Amino acid sequence: ITVKPNIYVSESDTVVWITDTQYYSNFEDLNSVYELILNYSVDLYKNKEAGYLIHTGDIVDTYIPADKAQKEWKFADKIHEIIDAANMPNGVLAGNHDTGNTPADLSNFNRYFGKGRFFRNNWYGGSLDNNSCHYDLITLADTDYLFLFLSNGIEADERTIAWANAV
């Protein structure tokens, strides 16, 4: 990778990785756990103990019924503002709970975690289909990384593979 001067650089070589937060979004008595995880991640970032956060999907638990799913998406959207407010570089992809499996429906993911949420950040490299797939360019402790995110249900699609190869 050739890193451009405006790419995000962190002194830390640590990546925070969270996944399968669907129960924290679904069950109100677990909502505070999600908040604790993100606040802890931000604390690491502010203390230069972490430079990047990855969320590998299953942000929500419910796909149907739509009203319950929307409640979970709205909660996840709001709770991720903790990361946004701290300007902590992060990447998110949709898991099978988020897309309704096959055929993949990324409409809710795109609505709450689409390109509009990320594109102003200097570490955001670009996306396919409103952030259904995207990449970030990050330097952690003098090592350059390209983080490539391919959401569930479209990761093997020919368009996705062609886009990923082009990136």
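Is the crossing of helix 2 and helix 3 right-handed or left-handed? In this predicted model, the crossing of these two helices is right-handed. The points below cover the helix pair, a surface patch and some backbone features.

**Helix packing**
- Two packed helices are described by the angle between their axes and the distance between the axes.
- Helix 2 spans residues 31-46 and helix 3 spans residues 66-79; their axes lie 10 Å apart, at an angle of about 25°.
- Helix 2 is therefore roughly parallel to helix 3, because angles under 35 degrees count as roughly parallel.

**Surface patch**
- A nonpolar patch on the surface is formed by Leu146, Leu148 and Val167, which together have about 200 Å² of accessible area.
- Leu148 belongs to strand 7, residues 143-150.
- With a relative accessible area of 36%, Leu148 is partly exposed.

**Backbone features**
- Most residues other than glycine have a negative phi, and most peptide bonds are trans.
- The peptide bond between Ile64 and Pro65 is cis, with omega at about 10°.
- Pro65 sits in the loop between strand 3 (52-55) and helix 3.
- Asn87 is not a glycine, yet its phi is positive, at about 55°.
- The loop between helix 4 (81-85) and strand 4 (90-92) holds Asn87, which is exposed at a relative accessible area of 54%.
- Ala141 also has a positive phi, near 50°.
- Ala141 is located in the loop between strand 6 (133-140) and strand 7, and it is partly exposed, with 29% relative accessibility.

Conventions:
Residues are numbered from 1 along each chain as its sequence is written. This is a predicted model: local features need pLDDT of at least 70, side-chain atom pairs count only at pLDDT 80 or more; totals for chains, interfaces and linings use all residues. Side-chain values use heavy atoms; hydrogens and water are left out. Patches are made of residues with over 30% relative accessible area and no salt bridge: like charges are joined within 9 Å, nonpolar side chains (Val, Leu, Ile, Met, Phe, Trp, Tyr) within 5 Å. Accessible areas come from the Shrake-Rupley method with a 1.4 Å probe; for residues, only the protein chains shown count as cover. A salt bridge is a side-chain nitrogen of Lys or Arg within 4 Å of a carboxyl oxygen of Asp or Glu. Helices (H or I, at least four residues) and strands (E, at least two) are DSSP runs, numbered from the N terminus. Buried means under 20% relative accessible area, exposed over 50%, partly exposed in between (1.4 Å probe, protein chains only). Axes are lines fitted to C-alpha atoms, for helices over the stretch in contact, and angles run from 0 to 180 degrees between N-to-C directions. Angles under 35 degrees count as roughly parallel, over 145 as roughly antiparallel, 65 to 115 as roughly perpendicular and the rest as oblique. A crossing is left-handed if the near helix is turned anticlockwise from the far one by less than a right angle, and right-handed if clockwise.
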